[in-house]
Amino acid sequence: MSGIFVSKPVMWAPGVEENSEKWLKGEETIEKSTSAPKLEYTDPLFRRRLSQISKMTVHVVHELLEKVGFDKDTKLVFVSFRGEIAREFSINKGIINENMILPAGFSLSVFNTPVALATIAFGLTGGYSAVYPSKGDFSSALKNAFAPVLCGDEEKIVLVYADELVPECYGVDSTPLAFAAVVSAEKTETSVEIDDFESMKSPEIFLKRLLEAGRSDV
């Protein structure tokens with residue numbers, strides 16, 4: 001597969017937030033917590049009931065708009081391994097314990113909820129896709145996300161990744177993390193080329209590759 005150019009990413013994670021350089025150097029570590037961005041720039045009623053993953057997604061899209069910039073008709077591709085898992089767990093408990101589902105909670109539990117909320121928050125009109133990495137391999141999601149640019153259907157897309165902390169009862173070691181970047185077929189002053197897709201097995205590997213390449217190119 002040919003190379004592709006990716007802008008400097010923005011990230012958010014508990015304990016790291018926007019301090020990507022410190023995280024890259026090992027001076028900051030991601031906390032296993034349910035903390036989330038405060039989203040002061042959104043309406044209080046809008047953010048009141050959002051989950052950790054939705055708040056992280058909305059925040060990195062906002063930061064990408066502010067720090068990197070992209071046209072609001074640019075398509076977004078959202079990637080996640082688990083989506084709204086905490087909310088889904090709460091719904092499952094409601095079914096088991098009370099034999100009922102609250103419509104409001106259910107409407108916010110679907111896989112594409114985080115990216116849909118980001119488009120609503122900032123008036124993005126390019127549409128979006130939601131992608132699940134096949135067999136737990138993040139590189140498969142990257143290939144899917146980058147395909148419209150590589151084949152010429154899109155000049156650029158916005159790549160957004162997010163996963164929240166998995167509820168403890170699942171017994172899964174999880175890392176809450178979100179990041180976003182602009183993907184293009186053309187190089188810019190701040191973008192880096194990615195051509196070794198097969199090695200990008202996890203979001204952390206991909207993010208560190210972008211941050212390291214961006215630091216060395218500056």
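**An aromatic cluster and the strands around it**

Ring pairs link Phe-81, Phe-138, Phe-146, Tyr-161, Phe-179 and Phe-206 into a cluster, where rings of Phe, Tyr and Trp (its six-membered ring) pair if their centres lie within 6.5 Å, with planes under 30 degrees apart counting as stacked, over 60 as edge-to-face and the rest as tilted. The model is predicted, so that local features need pLDDT of at least 70 and side-chain atom pairs count only at pLDDT 80 or more, while totals for chains, interfaces and linings use all residues. Residues are numbered from 1 along each chain as its sequence is written, and side-chain values use heavy atoms, with hydrogens and water left out.

By the ring rule the count comes to eight aromatic pairs. In one of them, the rings of Tyr-41 and Phe-122 have their centres 6.3 Å apart and their planes at 40°, so this pair is tilted. The pair links distant parts of the chain, 81 residues apart, with Tyr-41 in the loop between helix H1 (20-25) and helix H2 (44-47) and Phe-122 in helix H6 (residues 113-122); helices (H or I, at least four residues) and strands (E, at least two) are DSSP runs, numbered from the N terminus. Tyr-41 is partly exposed, with a relative accessible area of 33%, whereas Phe-122, at 11% relative accessibility, counts as buried (buried means under 20% relative accessible area, exposed over 50% and partly exposed in between, with a 1.4 Å probe and protein chains only).

Another tilted pair is formed by Phe-138 and Phe-206, with ring centres 5.9 Å apart and planes at 50°. Phe-138 lies in helix H7 (residues 138-150) and Phe-206 in helix H8 (residues 203-217), so the pair ties together parts that are 68 residues apart in sequence. Both Phe-138 and Phe-206 are buried.

E5 and strand E6 (residues 177-184) pair in the antiparallel sense over eight bridges, two strands being paired if DSSP finds at least two bridges between them. Ala-178 of E6 is the bridge partner of Ala-162. On strand E3 (residues 75-79), which pairs with E5 in the parallel sense over five bridges, Leu-76 stands opposite Val-158 in E5.

Strand E1 (4-6) runs antiparallel to E6 and is joined to it by two bridges, with Val-183 as the bridge partner of Val-6. Strand E2 (10-12) pairs with E6 in the antiparallel sense over three bridges, and here Trp-12 has Ala-178 as its bridge partner.

E1, E2 and E6 each supply at least two residues of the lining of the largest pocket, which is lined by 19 residues, of which Ser-7, Lys-8, Pro-9, Lys-67 and Val-68 lie nearest its centre. Its volume is about 350 Å³. On a 1 Å grid over the protein atoms alone, a pocket is an open set of points where a 1.4 Å probe fits, with protein on both sides within 12 Å along at least five of seven lines, and lining residues have an atom within 4 Å of a point; a volume is the space filled by probe spheres set on the points.
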